[in-house]
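Please look over the sequence and the model below. The paragraphs that follow go from a charged surface patch to salt bridges, then to the chain as a whole and some local backbone features.

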Amino acid sequence: MGTLRPSSNLDTCGHSGTDLVLSLHHYGVLLSPSFRMAGRMSIHALLNDPTPSTPTLVDIAPLIRRLYIQLDVHGTLLAPPRLERELHEYIASLGPGATYWARRASAPSFVPPSPPAPLPIPDPPPAPVHPPISSTHHNPLALQQPTQIYHNVKTSSRTTLHKLYLYESPNVFIDYPETHPNGIGYLLRQDLDNWGGAQVIMGNCAYSLNAPKGQTQMGDSITHALFQVNGRPIPCVEAHKTCQGSKICPSSDLERMQEGHCHATPELLAQRLANDRDERLEIASPSAEVFSRTLNYLLALQRVGCRAVDDSEDPSSEDADPTRAFLRDYKTFLQRGYQDQIPRCQGDIRFIEEHDGAHYVQCEHFHNSDNRNHFRHRVDESLHAEYLEAVLEGDLEQAQQIEQAVESLGYGPNVECTTVTNVSSQRLNCPFAHRNEDGILCQPVMKKLDCKVTVRVVEPYPEYRHAFPYALLIVRGIHRHPIPLPQKTPPIIRREIHEILEGMGTNIADMTVRGFLRHPTVL
């Protein structure tokens, strides 16, 4: 944004006029061809004479244009620190001829003025020449660092962004945008040949975004204080969506889950995963594995039941027992409305002990001699037989005693659950077993935690993108739900993989995993 700063990792002693990084942004060099050079040193003299003589007035517009072309080609320009100081003083002394971006280049914070008075929409300015943008980089993730950060950016008479991040590298993706009650802005440079815009920017977010939502209607336009060319506003379009929050298990700590967060970093996500892993390792034991397998076995019996054809005329199958009625409705819910074309047995699953001491789990309609088509399974040592018997036979007191005993060891249905999923996830139930309000063991329905964080994307009309190739992402509010885990492959990594596959040419037809890893393109 017109800032000229020395590189912090270069030695400046004894070097020529190409020893320090001089970072010029595109709109910082759109200066008026007429400059007031009174009392200012000639840039040409500074570049060639270490002890210049009396300052003279010269027209540096041609030189600035040449520097602008070199900046587009190389990305950085090198100059001694003295030139940097002189340019800072020169820019500070510029009058109304300087552009909007250049006037605030040396300011410590980005504080744009109030929106100008409405002006007639100008004709599209001529498109500046931009070098082709390559999507192949040695270290793509290094491009994720912002070029500059501004604080307290005033975008209207009543709106001030808490921070504004400027990204000059194209194809930057923001998966966990920072947020604030006053709003956080991301000014993202876009690839002119592959303009992503609001759809791609919002699609890259790890948060689930949906209604309330909206966008500028076809043919309409808005103006924004940050979208200006030569000090005049340009027409823009806007799209906005709302964070949908997360889904949590009802058996979790609701107060802790609703703790607000404004910034999710890779370190926080890694710490969360590490904590979950440590908790699993702390309770890992043969007894915990047996009990977990028993719970999953019980849940499978509830979900599937006996799959035999229903040929029973036993009136007990129509019993009005509330627990049995709940389990029937619960089974239908787990099947998401799917119904077998062939009626299946609705008999209860019982725990049976034979005369030889063997334990079996079987349908109540099973009989060794008359009806062997119904479900029957022998219980071995891999399952907790005592707990199976208590649950299947309805001995709630005995089952709860066992659950309380294993709770002290850190596992079981009474332990606080930490399951969190995105709203976009198709999971309806918690994958673990818990007791509901009626004391019935089941997989409870996930509870949704709503969120009011809004996400807006402003971008210029297509005919103005050459003059202002940026899109503005604004995130406002506080997330009142846990940080969601990433569920999408980052676009940069996807692009790298696609380029590798395209580089293999005809070899991809019979490619195997081993062949892919050993292919010269990958190596």
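Glu-353, Asp-356, Glu-386, Glu-389, Glu-393, Asp-395 and Glu-397 form a negative surface patch. A patch here takes residues with over 30% relative accessible area and no salt bridge, and joins like charges within 9 Å. Asp and Glu count as negative, Lys and Arg as positive, and His and the chain ends are not counted. The place of a charge is NZ of Lys, CZ of Arg, CG of Asp or CD of Glu. Accessible areas come from the Shrake-Rupley method with a 1.4 Å probe, and for residues only the protein chains shown count as cover. Helices (H or I, at least four residues) and strands (E, at least two) are DSSP runs, numbered from the N terminus. Glu-386 is partly exposed, with a relative accessible area of 45%; buried means under 20%, exposed over 50%, and partly exposed in between.

This is a predicted model, in which local features need pLDDT of at least 70 and side-chain atom pairs count only at pLDDT 80 or more, while totals for chains, interfaces and linings use all residues. Residues are numbered from 1 along each chain as its sequence is written, and side-chain values use heavy atoms, with hydrogens and water left out.

The structure has 12 salt bridges, each defined as a side-chain nitrogen of Lys or Arg within 4 Å of a carboxyl oxygen of Asp or Glu. One of them joins the side chains of Glu-168 and Arg-189 (3.8 Å, N to O). This pair links distant parts of the chain, 21 residues apart: Glu-168 is in the loop between β4 (160-167) and β5 (184-189), and Arg-189 is in strand β5. Are Glu-168 and Arg-189 buried or exposed? Both residues are buried.

Another salt bridge connects Arg-350 and Glu-364 (3.6 Å, N to O). Here too the pair links distant parts of the chain, with Arg-350 in strand β11 (residues 349-353) and Glu-364 in the loop between β12 (359-363) and β13 (376-379), 14 residues apart. Arg-350 is partly exposed at 33% relative accessible area, and Glu-364 also counts as partly exposed, at 24%. Salt bridges that share partners bring Asp-348, Arg-350 and Glu-364 into one network. Asp-278 and Arg-277 form a salt bridge as well (3.8 Å, N to O). Asp-278 is partly exposed with a relative accessible area of 33%, and Arg-277 is partly exposed with 46%.

Now the whole chain. Its secondary structure comes to 13 helices and 19 strands, and 40% of its 523 residues are buried. Of the contacts (heavy atoms within 4.5 Å) with a separation of 6 or more, 68% are between residues 24 or more positions apart. The chain exposes about 29,300 Å², of which carbon and sulfur atoms supply 53%.

Ser-287, in helix α8 (residues 286-304), is partly exposed with a relative accessible area of 41%.

The backbone has some local features to check. The peptide bond from Ala-211 to Pro-212 is cis, with omega near -5°, and Pro-212 belongs to strand β6 (residues 209-215). Asn-152, in strand β3 (residues 148-154), is not a glycine but has a positive phi, near 55°. Asn-230 also has a positive phi, about 55°, without being a glycine. Asn-230 lies in the loop between β7 (228-229) and β8 (232-233) and is exposed, with a relative accessible area of 57%.

How values were computed:
Patches are made of residues with over 30% relative accessible area and no salt bridge: like charges are joined within 9 Å, nonpolar side chains (Val, Leu, Ile, Met, Phe, Trp, Tyr) within 5 Å. Buried means under 20% relative accessible area, exposed over 50%, partly exposed in between (1.4 Å probe, protein chains only).
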